[in-house]
Amino acid sequence: MKVAVVILNWNGSEMLRRFLPSVVQYSSLENVEICVADNASSDDSCSIVAHDFPMVRLIRLDRNYGFAEGYNRALSQIESEYVVLLNSDVEVTEGWLETMVDYMDAHTDVVACQPKVLSWSERDSFEYAGACGGYIDRYGYPFCRGRIFNVIEKDKGQYDSIRSVFWTTGAALFMRLAAYRAVGGLDSRFFAHMEEIDMCWRLRSRGMQLVCIPQSVVYHVGGGTLNKESPYKTFLNFRNNLLMLYKNLPQHELNVVLRVRKYLDFLAAMLFLLQGNWLNAKAVFRARKEFGRMQVDFKQDRLENLSKATMGNIPERYSFSIIWQSKIKCRRFFSLLK
């Protein structure tokens, strides 16, 4: 099999009805398999796939393993050269898959890529989760070509060049399956959020290339599983971001970065309080406490990552603070960053 397009689903029957037809229509290439991996949904997701999309392979998992372990278990049942981790709330377009396959076939040094991700509801704008390729700053804050924090740009073709990135979005992640397995896949302890950035950091630190290919276009609803203001999402984002930093930061940076993050996280919690959002403020403090408790469990992962790293300074990990750049210097668009 050349490509397996794998959609992880949990109680997303409406999303499957709406978006799976576009995946079937525009992914009907030779040696392409479309799979829905179901995280033990309690709705009618499985019956919809079985009856309405008989050409789609259904992988039934015995419980909800979350995003990370759900994909790990699903991909353990896949044998193909490439895999696409595709969210259930993504509408694909004509040529989306061929464009990435052709590029990856021609560039054997590239192990993962993503398409341009636009908003499904505002189709001339980038979508929050991935936009036109992801980066992080010195302190672990992710941003994208086309999106810095909550400032989302209109797509005017300004980022249509193929460019190396630090991370590729988990909403539409095209990857060599052998590379996925070589770095251990997604970290299941994250459950959801930040796990694709963590995996991409492992890939990139070991000298492997990742790119965004804007000539491939998809539209993403976003926030389909957890609302953007969800305290649980805030908890996962903050906790997992700290775990990711601990796992991957070079030794000479670790203490300084974690010390600065302590103050920045406190500031984030205070901003939530000023907005009257006590639950999200509480989630930040709970995330830091959980990070402290879990840190010891990741020591071996950190030692392994450092021992296998072949790159000291990763170009796509910027040395500046994106908070300083965007909030103080008012450089809110990627093209303005210095």
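Q: Is the crossing of helix 7 and helix 9 left-handed or right-handed?
A: Right-handed, meaning the near helix is turned clockwise from the far one by less than a right angle. Helices here are DSSP runs of H or I with at least four residues, strands are E runs of at least two, and both are numbered from the N terminus. This is a predicted model, where local features need pLDDT of at least 70, side-chain atom pairs count only at pLDDT 80 or more, and totals for chains, interfaces and linings use all residues. Residues are numbered from 1 along each chain as its sequence is written, and side-chain values use heavy atoms, with hydrogens and water left out.

Q: What's the angle between helix 7 and helix 9, and how far apart are the axes?
A: About 35 degrees, with the axes 8 Å apart, for residues 231–248 packing on residues 278–294. The axes are lines fitted to C-alpha atoms over the stretch in contact, and angles run from 0 to 180 degrees between N-to-C directions.

Q: Which residues meet there?
A: From helix 7, they include F235, F238 and L242; from helix 9, A283, A287 and F291 are among them. Contact means heavy atoms within 4.5 Å. The residues of this contact divide into 13 nonpolar, 2 polar and 4 charged. Nonpolar covers Ala, Val, Leu, Ile, Met, Phe, Trp, Tyr, Cys and Pro; charged is Asp, Glu, Lys and Arg; the others, Gly among them, are polar.

Q: Switching to R261: buried or exposed?
A: Buried, with a relative accessible area of 2%. The cut-offs are under 20% for buried, over 50% for exposed and partly exposed in between, using a 1.4 Å probe and protein chains only. R261 is in helix 8, and its contacts include F238, L242 and R288, leaving out residues up to four places away in sequence.

Q: And why is helix 3 largely enclosed?
A: Because 9 of its 10 residues are buried. Those buried residues pack against strands 1, 2, 3 and 4, plus helix 5 and helix 6.
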